Amino acid sequence: MTAAFIIIAAYIWDRIVGDPRAIPHPVVGIGKGISRVERVIRRISPSEQALKPLGILLPIIVVGGAYASTWLILTGLYHVHEYVGWVAEALLIGTTIAVKGLKDAGMAVYRRLKEQDLEGARREVGMIVGRDTEQLDEPEVVRATVETVAENIVDAVISPLFFALIGGAPLAMAYRAVNTLDSMVGYKNEKYQNLGWASARLDDIANWIPARITAVLITLSAWIHRYDARRAWSMALRDASKHPSPNSGWAEAAAAGALGIRLGGYNVYKGIRSFRAYMGDMKQPLQAEHVPAVCRLLVSSSTVFVILAGLLLYVRGGWLL
């Protein structure tokens, strides 16, 4: 009963409050920790090639530290009073998910498009995507927004909730450390190809199950909202493997199928044009209304998962581990 209350309360907190800027966010601390550990590893490494085996240390130290520090804090607070521990654990889990933030970011783009402010829409979407947005037309702004919201249903919502279901706030925070590592050092470029490989691989492993659960949840959400649920699942099965990430394609392909649109195509990164395989079939052209539609899939998918997780925790009598 307690675990079910905690995970539901964490979700409600995020949906209502999100991430207040006035409150220090644990992910900021994780990011600073990653930078410090990276500097130390580079300092002790005798060569660039030696960074490859040392790269294993980075996730061990950062992820292990996130788990241990969260566990120690909660242990102390539970000793103060169990209610204090419950509230703290719910708040900590709430910081690992971002339903409100992701939905707000998507809807900010949508509002600009409805105001026919394409330049403003480009600026808004530029805050949540890595591609160049200065020359995007309206359909491409919509595509960038839909792809980002759909992809982040996994990273920013279902994965941290999945690990919270297994091991409470400590494991959810450990996942957030994994994801932050990937976003900071998981690039296949000259700087991080040796140091960041283990972090990138760990992120792929951590998201493998949640990504596939997300495709199922998007399919269920498509049925709830009377989108094309059958096509959502068939597109996930057909097109997910086309994505360069082993996990992100599941959510994007399912969302494309549900909405009857085609995602993927040419993107520009720092002036360099690249092609990403198409996912979904273009049953209709991309338009502004697809942004609130994918946000509905985001909210419904996360809500369904939390309800099912709460029921499982209630029956189980506590975290799965």
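View 1. Helices (H or I, at least four residues) and strands (E, at least two) are DSSP runs, numbered from the N terminus. The model is predicted: local features need pLDDT of at least 70, side-chain atom pairs count only at pLDDT 80 or more, and totals for chains, interfaces and linings use all residues. Residues are numbered from 1 along each chain as its sequence is written, and side-chain values use heavy atoms, with hydrogens and water left out. Along the sequence, the order is α-α-α-α-α-α-α-α-α-α-α-β-β-α.

**View 2. The overall dimensions of the protein.** The C-alpha atoms fill a box of roughly 55 × 55 × 35 Å, taken along the principal axes. The radius of gyration is 20 Å, which agrees with the value near 20 Å for a compact globule of 321 residues. This radius is taken over C-alpha atoms, and the globule rule is 2.2 Å times the number of residues to the power 0.38.

**View 3. The largest nonpolar core has 94 residues.** Such a core is a set of buried Ala, Val, Leu, Ile, Met, Phe, Trp, Tyr and Cys residues joined through side-chain atoms within 4.5 Å. Buried means under 20% relative accessible area, exposed over 50%, and partly exposed in between (1.4 Å probe, protein chains only). I7, L58, V62 and F305 have the most contacts inside this core. Helix α8 (residues 138-185) supplies the largest share of the core, 27 residues. Across the whole protein, 52% of the 321 residues are buried.

**View 4. The contacts of F305.** Contact means heavy atoms within 4.5 Å. Neighbours within four places in sequence are left aside here. F305 then touches I158, L161, F162, L165, I213 and L217. In the whole protein, among contacts with a separation of 6 or more, 71% join residues 24 or more positions apart.

**View 5. R226 has a positive phi of about 65 degrees.** R226 is not a glycine. Most residues other than glycine have a negative phi. R226 sits in the loop between α9 (197-224) and α10 (229-239). Is R226 buried or exposed? R226 is exposed, with a relative accessible area of 80%.

**View 6. K270 has a positive phi too, near 50 degrees.** K270 is also a residue other than glycine. Where does K270 lie? K270 is in the loop between β1 (263-269) and β2 (272-279). K270 counts as exposed, at 81% relative accessibility.
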